[in-house]
Amino acid sequence: MSPNAQYDPITIEIIQSSLAAITEEMCVTTRRTAMSSVIYEVLDFGVAVTDRDGNLASSGSGIPAFVGMLDHGVKTIIEKFARRDTIEPGDVYLTNVPHRGGVSHLNDVVVIAPIFHEGVLLAWAANKAHWLDVGGMSPGSMDPAAADLYQEGLQLPEIKLFDAGVLNQAVFDIVIANCRQKETTTGDLWACVASVKTGERRVIELAQRYGNDTLMYAIERYIDYGEAVSRRGMKALPRGTFTAEDQLNDGTILRAKITITDTKFTVDFTDFPPQRADSFNFTQAITVVNSMMAFKSITSPRTPANAGTFKPLEVVCKPGSLCSATYPAATGLYFVYSILIHELIWKALAPHLPQLLPAGHFASICGTIVGSVDPGSGKPHVFAEPQPGGWGAEHDRDGDSAQFSSFHGETFNCPVEVNEGRNGIRVEEFALNPADGGEGEFRGGKGVRIKYRLTGQNAWITAAYSRANDSPWGLAGGMPGSRNRIGVIRADGTEESYDVCTNLRLHSGDVLCIQTATGGGYGDPRRRPREKILSDIRNGYVSRERAVQVYGLEI
């Protein structure tokens with residue numbers, strides 16, 4: 001490819017727009033062919049196309065944290081196989097080891113395919129989706145007590161599922177044999193393969209239409225455009241060093257330092273505590289992608305993301321720490337505390353960017369995994385759900401209620417009809433959480449309260465929520481929000497409350513009660529207009545007693 005070649009700018013624009021359309025089609029393919037509701041309803045997956053060297057070129061809808069790690073996965077495949085000269089057309093690779101390859105935890109299996117045209121490697125297509133089970137010591141493959149990766153399930157260290165277009169049946173058999181949900185896993189695997197093959201086919205069509213050189217030039221310019229947009233966005237940011245603290249459920253303090261110059265946005269997590277002997281660790285790749293999400297949201301939230309977008313970003317971690325755990329540290333519940341990386345950056349900069357950043361949100365995936373056995377057919381049910389919660393108030397409006405966390409992006413809840421029809425539960429309540437908190441001149445958005453009655457037998461739940469002992473923070477005098485909790489109401493009326501539980505045994509008739517937090521408030525509550533307070537009372541956002549206590553309402 002000649003660096004001095006002249007290309008029609010309209011053609012380049014068409015190719016770049018086509019790449020965005022390709023990744024969207026990859027998303028649709030995954031959603032319409034997957035077997036598990038966590039993929040086809042919740043959209044717990046992400047897709048991307050990278051350039052020939054593994055740099056992110058285009059991303060589709062889905063979880064931003066998944067999309068932002070797929071280039072790591074591609075580069076790991078290149079590193080392992082290129083030196084053996086064994087990357088061929090028709091190859092499809094699998095990887096899920098969190099400490100390399102752009103993976104979050106073993107459940108998030110990455111499927112990757114190279115894209116060749118006329119013997120030239122042009123690009124890569126990648127898909128990462130959450131599988132319900134990959135073996136290990138506990139159903140769902142996520143156990144807070146797991147001491148290392150070996151206890152969490154099957155490891156796939158960058159292996160070929162297809163070799164030059166031929167299925168490696170032995171690899172397929174090993175993968176399925178190690179999963180408790182064999183039928184669902186088989187369907188989800190083929191959905192992800194179909195997704196990357198769709199991306200491969202569409203990119204080849206572009207190359208056939210415009211030529212290899214033009215296609216690769218368009219990708220290169222697209223990445224340059226991403227960098228230019230980010231650097232333009234950085235001009236509006238304050239210069240200097242900013243710090244923030246947060247804490248885990250057990251009170252452990254997390255600290256971050258953000259330094260912004262004219263050319264660099266540096267996030268320093270070297271003061272993080274050591275990695276743990278449980279499954280709440282996360283790797284440096286997860287720390288980087290959470291930092292990327294924060295950086296993107298404050299520099300260029302409305303434009304596409306690619307490798308160029310993040311060139312000004314630098315992330316500093318200490319190997320062996322909670323945010324840069326080393327192999328074979330368990331990472332099954334990485335999402336519980338890794339979301340606080342994004343929250344720390346947000347918290348440090350929010351006072352300095354009041355027109356852009358709101359108060360703290362519920363800051364949790366609120367990951368909930370429930371299993372049971374159908375009493376009629378004897379077939380097992382397993383479903384995994386993130387939960388929506390409250391976002392913080394902004395300088396000029398109330399926070400959003402019942403939205404997913406900053407980690408999840410374009411994610412949805414599982415519809416009541418699907419949960420009741422497929423997952424062994426009856427949904428008895430899905431409402432805003434009435435808990436106090438988040439009051440201010442502008443109030444924080446409400447979390448949710450969900451009640452699931454178990455209808456299956458031999459049921460269990462594994463769940464882990466952050467922000468269980470520390471509330472979302474307010475801004476400019478706003479009140480902190482409420483907290484995340486999961487409860488169990490036994491059939492005999494006994495009530496239990498948890499922030500973490502592992503394979504907790506449940507019985508038919510027991511009720512799960514999920515409560516997610518209200519976001520932090522913004523501004524002095526005494527400045528909230530009386531008519532808004534009265535409206536809040538009428539709509540159930542605040543009780544009459546709380547309005548008198550916090551807002552000073554005279555009735």
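Select Asp246, Glu343, Arg467 and Asp470 to begin: these four residues are joined in a network of salt bridges, a salt bridge being a side-chain nitrogen of Lys or Arg within 4 Å of a carboxyl oxygen of Asp or Glu. The structure contains 35 salt bridges. This is a predicted model, in which local features need pLDDT of at least 70 and side-chain atom pairs count only at pLDDT 80 or more, while totals for chains, interfaces and linings use all residues. Residues are numbered from 1 along each chain as its sequence is written, and side-chain values use heavy atoms, with hydrogens and water left out.

Next, select Lys311 and Glu227, whose side chains form a salt bridge (3.8 Å, N to O). This pair links distant parts of the chain, 84 residues apart: Lys311 lies in the loop between α8 (284-299) and β11 (313-316), and Glu227 in helix α7 (residues 212-234). Helices (H or I, at least four residues) and strands (E, at least two) are DSSP runs, numbered from the N terminus. Lys311 is partly exposed, at 43% relative accessibility; the term covers values between buried (under 20% relative accessible area) and exposed (over 50%), with a 1.4 Å probe and protein chains only.

Arg276 is partly exposed at 23% relative accessibility, whereas Asp278 is buried at 14%.

Finally, select Glu441 and Arg527, a salt bridge with its closest N and O atoms 3.9 Å apart. Glu441 sits in the loop between β14 (425-432) and β15 (448-454), and Arg527 in the loop between β20 (511-515) and α11 (530-538), 86 residues apart. Arg527 is exposed, with a relative accessible area of 57%.
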